[in-house]
Amino acid sequence: MGSFGPSCSLGRECGSAGLKGPRLWNYGFWVGVLVLVLVCLVGGADSEVGHQRISGSAGDVLEDNPVGRLKVFIYDLPSKYNTDWLKKDPRCLTHMFAVEEYLHDFLVESPVRTLNPEDADWFYAPVYTTCDLTPNGLPLPFKSPRVMRSAISYISSHWPYWNRTEGADHFFVVPHDFAACFHYQEEKAIERGILPLLKRATLVQTFGQNHHVCLKEDSIVIPPYAPPERMQTRLTPPSTPRSIFAYFRGLFYDTGNDPEGGYYARGARAAIWENFKDNPLFDISTNHPGTYYEDMQRAIFCLCPLGWAPWSPRLVEGVIFGCIPVIIADDIVLPFADAIPWEKIGVFVAEKDVPVLDRILSTISPEDVLEKQRLLANPAMKQAMLFPRPAQPGDAFHQILNGLARKLPHDPSIFLKPGQSFLNWTEGPLGDLKPWGKDSL
Ligand SMILES: *[C@@H]1O[C@H](CO)[C@@H](O)[C@H](O)[C@H]1NC(C)=O
Ligand SMILES: *[C@@H]1O[C@H](CO)[C@@H](O)[C@H](O)[C@H]1NC(C)=O
């Protein structure tokens, strides 16, 4: 690790003390040269170079039109499962889980909607579990298993379609930190696992991490909700020089929820702060300035470390603002990963390598940086990260539909034979089996 190791604490001892000794002075000098070179080479990439096509493992599918490729039936649920929450506290329309509500609105108006369930390829039950907020506006997942069970009980007794497949042709939006595991702490989420009744359904979720009990392999991983208008009105000219090397604003420690440290971000954010707080390459702080969006447009790399969950809105912001996302979240599965070649666009740094993050970033060649910026500059790429209202072709709503369409036709084996059953209605923590609200299961 040499002078870049964690014990060096680059910030304090090495960075600002660039004049202390010849070796360290050299380091500071090269940092300066590097930033200058990158700013010159890379600053105006967006405006000067044509757009680069985007292709993922599913091919060049980002601009597919889902209309005509699938039909979705929307269950008409009692309002206590959805809009009553909104009336009680509309703040869930602005938090990063708001896709849950907006996807419902979108589907109601969409030409893929069918009113005839016999025609449907997919069934959708609009349940707003992330709209149950504390007085401070934080979504708490603790009632969600009971709400979901109640909703599934409702659809399985009012229509024949759930029992036909036990949910295998149904999808649910579960955007909580750890999706349908319904807990915001990873250990607890893992202990709970995915709500047993959802085990055959397709889950549309922000949470994505490979080899994790909270991610079913066939889930559709989506970006979190970040307000499109607010970002689009703050765009600066693409020729704005990128004079910040690496940028981050956010928490490094969450002492409220993690007083001993080490759980939050699995220590990765703490390591960023401890190693780079005084490093001149790193513009990092807990203070969210009014110029946050503009700053990202002046940065080459935007750090996207995990927090409580592997993902955060920084990924969306990085793409919109052409700032290369530096993803620090082991095994993360990024949104629409079969349509977007994230490995070509972002930089992936293992959580254990955070102490050498400066070296990793500063040895990426200017050509690679330019290539990543060209991919980020593709309007289809930006469109795929956003949930605009009204919806627009190629936006994240359409990517969700494309993802559902790519799963068709269903394998005939999802339709159960008489007497066949996979789900166990009495499985799961006892507290989750209690009826929810006024209904009795
Ligand atoms: C579906 O199955 C459950 C029990 O497994 C039953 O209570 C319910 O009535 C069935 N629904 C329909 C519509 O037949
Ligand atoms: C369903 O789950 C409960 C609780 O885990 C268990 O006691 C029961 O045996 C299971 N039923 C079946 C049919 O597997």
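Trainee: Is Ala265 buried or exposed?
Mentor: Ala265 is buried, because 28 other C-beta atoms lie within 10 Å. A residue is called buried if 20 or more other C-beta atoms lie within 10 Å of its own, exposed if 12 or fewer, and partly exposed in between, with C-beta atoms placed from the backbone. This is a predicted model, where local features need pLDDT of at least 70, side-chain atom pairs count only at pLDDT 80 or more, and totals for chains, interfaces and linings use all residues. Residues are numbered from 1 along each chain as its sequence is written, while chains are lettered from A and ligands numbered from 1 in the order in which they are written.

Trainee: What about the phi of Ala265?
Mentor: Ala265 has a positive phi, about 55°, although it is not a glycine. Most residues other than glycine have a negative phi.

Trainee: And where does Ala265 sit?
Mentor: In the loop between strand E6 (244–249) and helix H10 (268–276). Helices (H or I, at least four residues) and strands (E, at least two) are DSSP runs, numbered from the N terminus.

Trainee: OK, what's the phi of Asp331?
Mentor: Asp331 has a positive phi too, about 65°, and is not a glycine. Asp331 is partly exposed, with 13 other C-beta atoms within 10 Å, and lies in the loop between strand E9 (324–328) and helix H13 (342–345).

Trainee: Switching topic: which residues does a cis peptide bond join, with omega about -5°?
Mentor: Arg389 and Pro390 are joined that way, and Pro390 lies in the loop between helix H16 (379–384) and helix H17 (396–406). A cis peptide bond also joins Leu408 and Pro409, with omega about -5°. Most peptide bonds are trans.

Trainee: Now helix H6, how many of its residues are buried?
Mentor: In H6, 11 of the 15 residues are buried, including Val147, Met148 and Ile152. H6 covers residues 144–158.

Trainee: What covers those buried residues of H6?
Mentor: The cover includes helix H7 (161–165) and helix H18 (430–433).

Trainee: Last one: which residues are around ligand 1?
Mentor: Ser156, Ser157, Pro160 and Asn163. Being near here means that a residue's C-beta atom, placed from the backbone, lies within 6 Å of the molecule. By class, that shell has 1 nonpolar, 3 polar and no charged residues. Ala, Val, Leu, Ile, Met, Phe, Trp, Tyr, Cys and Pro count as nonpolar, Asp, Glu, Lys and Arg as charged, and the others, Gly among them, as polar.

Methods. Expected span 1.5 Å × (residues − 1). Contact = placed C-beta atoms within 7 Å.
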